[in-house]
Amino acid sequence: MTTNPKVTLYTYFRSSCSARLRIALALKSITYTPIHINLLKGEQSGPENKAVNPSATVPTLILEFPSDSDTGPKTVTITQSLAALEYLEETFSNQGASLLPPSSDHEARAIVRTLSSIIACDIQPVTNLRILKRVAPFGVDRAAWSKDLIEDGFAAYEAIAEHSAGVFSVGDAISMADVCLIPAVWGAERCGVDLGKYPTIKRVAEALEKEAAVKEGHWTTQGDTPDEFRT
């Protein structure tokens, strides 16, 4: 089942959830075809995207595996980034970098999942475009709202990572936690968060920025990145 699937990723250049999968696919050396969904134009709620993702969000990861004489072709569609990261690790465990520590290290795996969830559950949902649009009518300063919530989440991440980190968030190998962290750092920088208050996060982020897979998944290098943002 792990041989040469056709992989498609519905993505948006500034979507942090999409960036997680772009980086993970690069770490796993998995080639994919991007389908760009412009969130600012509302394309996530259009019929093409909703047909594959009932939540009307990005990313959506689709893997089409070759036909098997017994079972026929198999298509796997995953519409949540953490589930997709876990799937990639389990399905392509012997390909590219591992997204989780060794299965024998239960504590390290739990820490990776905890840090990933801080980003994916505590920070991202309440600072995404859909929520920002909903709080705007109440007179909320969107930038201040995002900055405060990111800082709260980063404080929690820092408190754990300062004990678990080596070169990266948990030890010296890139993990799912790092794949979630670095897009959150990009968002934090746009909101004016002072990373100096989180020295572990800042150090890990600087190490991650040097990695080829992170550069490949960076929001400034995507096919739908506007020219004025390209580096």
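Predicted model: local features only at pLDDT ≥ 70, side-chain atom pairs only at ≥ 80, totals over all residues.

Residues are numbered from 1 along each chain as its sequence is written, and side-chain values use heavy atoms, with hydrogens and water left out.

Let me start with the fold. The protein contains nine helices and four strands; here helices (H or I, at least four residues) and strands (E, at least two) are DSSP runs, numbered from the N terminus. Read from the N terminus, the order of the elements is β-α-β-α-β-β-α-α-α-α-α-α-α.

Next, the dimensions. The C-alpha trace spans about 55 × 45 × 30 Å along its principal axes.

How much of the protein is buried? Of the 231 residues, 48% are buried, where buried means under 20% relative accessible area, exposed over 50%, and partly exposed in between, with a 1.4 Å probe and protein chains only. As for contacts (heavy atoms within 4.5 Å), 64% of those with a separation of 6 or more join residues 24 or more positions apart.

I turn now to the cysteines. How many disulfides does a search of the whole structure find? It finds zero, a disulfide being a pair of cysteine sulfur atoms within 2.5 Å. For C180, the closest cysteine sulfur is that of C17, and the 8.3 Å between them is too far for a bond. C180 counts as buried, because its relative accessibility is 1%. The closest cysteine sulfur to that of C191 is also in C17, at 14 Å, too far for a bond. C191 has a relative accessible area of 24% and is therefore partly exposed.

Finally, consider L9, which belongs to strand β1 (residues 6-11). With 0% relative accessibility, L9 counts as buried. Beyond its neighbours within four places in sequence, L9 is in contact with residues including L21, L25, Y32, I35 and L61. Between L9 and E64 there are 12 Å in space, C-alpha to C-alpha, although the two are 55 residues apart in sequence.
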